[in-house]
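Reader: I have a protein model to look at and some questions about it. Can we go through them one at a time?

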Amino acid sequence: MSADRAPGRSQGGPHPLEGSAGVLNGRGVNMITTVGIDIGSGAVKTVLFRNNGDHHEWLAKRSERIRRRDPMTLAREGYEGVLADAGLGEDAVDYIATTGEGENVKFATGHFYSMTTHARGGVFLDPEARAVVDIGALNGRAISVDERGKVLQYKMTSQCASGSGQFLENIARYLGVAVEEIGPLSCSSQDPEKVSSICAVLAETDVINMVSRGIATPDILKGIHLSMASRIVKLLKVTGVKQGVALLTGGLALDTGLLAAIQEEMVNEKVKVTARSHPDSIHAGAIGAALWGAYRHAKLQQLESAAVAA
């Protein structure tokens with residue numbers, strides 16, 4: 001399992017956890033420790049946060065590709081892993097929040113819809129973001145957000161679309177290219193060949209035809225990236241995002257070739273939005289789950305306190 005100690009990052013400022021002051025949990029005023037678990041189609045991401053009012057300290061993170069293994073087992077391993085990395089026991093955790101396909105994690109406290117967690121996690125990673133573009137293994141979506149990470153509007157691609165991480169991995173496998181090589185190869189393209197089909201099956205046929213015609217691998221990959229970017233920019237325009245920062249999240253967020261193609265397409269479509277990624281973009285969903293978990297825990301504690309006082 002890949003384990004990384006998060007950089008002890010903390011963040012203040014306006015966000016959905018405002019108003020949670022006054023909560024006591026036995027370990028200090030306002031101190032709420034939460035775990036966020038994001039089970040995607042391709043990987044399980046886990047993060048550990050310590051929340052104190054409107055400040056959030058990121059203690060640990062883990063990410064593991066599923067590769068035909070049981071996601072529920074990986075969720076448990078990720079949970080135990082982040083606690084071990086931070087030197088904490090399970091009794092130190094106030095709330096375990098899941099998102100994505102994690103609604104069946106039996107040891108979780110609660111579950112949150114992935115769109116709201118990616119929105120909140122995206123704004124945590126990049127406070128300037130006013131749009132989050134989540135590109136996962138099965139589909140992509142553009143989400144318009146405010147400064148608190150609240151979802152204003154969204155638009156999704158279909159699961160059949162040739163704009164998903166799974167489609168790109170299938171093409172890379174056919175071309176004999178490792179996943180980590182896709183971005184650099186795409187960026188080296190001199191004459192990209194665009195994929196015209198929206199349907200993933202037909203798009204794969206297009207790629208096979210390109211190979212038979214002798215089209216270079218970098219040009220095929222860049223063409224796929226441009227086709228994906230075109231659909232993503234259209235999604236952003238439909239959601240009404242016209243300026244500011246769009247942060248990429250999800251499994252393809254760190255694909256440098258895709259990011260470059262989106263930036264290029266923004267210019268072509270005259271969209272005044274700055275597309276960028278973050279080194280921890282793949283953890284956005286898990287981060288949002290952990291932060292929303294802290295918010296929900298604080299609200300529940302307030303309700304309990306009010307009931308006792310009454």
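**Confidence, helices and rings**

Author: Start with confidence, since this is a predicted model. Residues 12-29 keep a pLDDT under 50, and the model has 47 contacts beyond four places in sequence for them.

Reader: What is the mean pLDDT of the protein chain?

Author: Over residues 1-5, pLDDT stays under 50. Yet 86% of the residues reach 70 or more. The mean pLDDT of the chain is 87.

Reader: Are helices α3 and α6 roughly parallel or roughly antiparallel to each other?

Author: Take helix α3, residues 165-175, and helix α6, residues 217-238. Their axes are 12 Å apart and meet at an angle of about 170°. Angles over 145 degrees count as roughly antiparallel. Therefore α3 and α6 are roughly antiparallel.

Reader: How many residues of the contact of α3 with α6 are nonpolar, polar and charged?

Author: List the residues by helix. From α3 come Phe167, Leu168, Ile171 and Leu175. From α6 come Thr217, Ile220, Leu221, Ile224 and His225. The division is 7 nonpolar, 2 polar and no charged.

Reader: Why is the pair of phenylalanine 49 and phenylalanine 124 edge-to-face?

Author: A pair of aromatic rings is described by the distance of the centres and the angle of the planes. Here the ring centres are 5.4 Å apart. Planes over 60 degrees apart count as edge-to-face. For phenylalanine 49 and phenylalanine 124, the planes are at 80°.

Reader: How many residues apart are phenylalanine 49 and phenylalanine 124?

Author: Both phenylalanine 49 and phenylalanine 124 are buried. Phenylalanine 49 is in strand β4, residues 43-52. Phenylalanine 124 is in helix α2, residues 114-125. The pair links distant parts of the chain, 75 residues apart.

Reader: Which residues do ring pairs link into a cluster?

Author: A search of the whole structure finds 6 aromatic pairs. Among the linked rings are those of Phe49 and Phe124.

Reader: What separates tryptophan 292 and tyrosine 295 along their helix?

Author: Both belong to helix α8, residues 284-309. They are 3 residues apart there. The separation is therefore about one helical turn.

Note on methods. Residues numbered from 1 in each chain as written. Predicted model: local features only at pLDDT ≥ 70, side-chain atom pairs only at ≥ 80, totals over all residues. Heavy atoms only, no water. pLDDT = per-residue confidence, 0-100. Contact = heavy atoms within 4.5 Å. Axes fitted to C-alpha atoms, helices over the stretch in contact; angles between N-to-C directions. Helix = DSSP H or I, 4+ residues; strand = E, 2+ residues; numbered from the N terminus. Parallel < 35°, antiparallel > 145°, perpendicular 65-115°, else oblique. Nonpolar A, V, L, I, M, F, W, Y, C, P; charged D, E, K, R; others polar. Phe/Tyr/Trp six-rings, centres within 6.5 Å; stacked < 30°, edge-to-face > 60°. Buried < 20%, exposed > 50% of the residue type's maximum accessible area, 1.4 Å probe, protein only.
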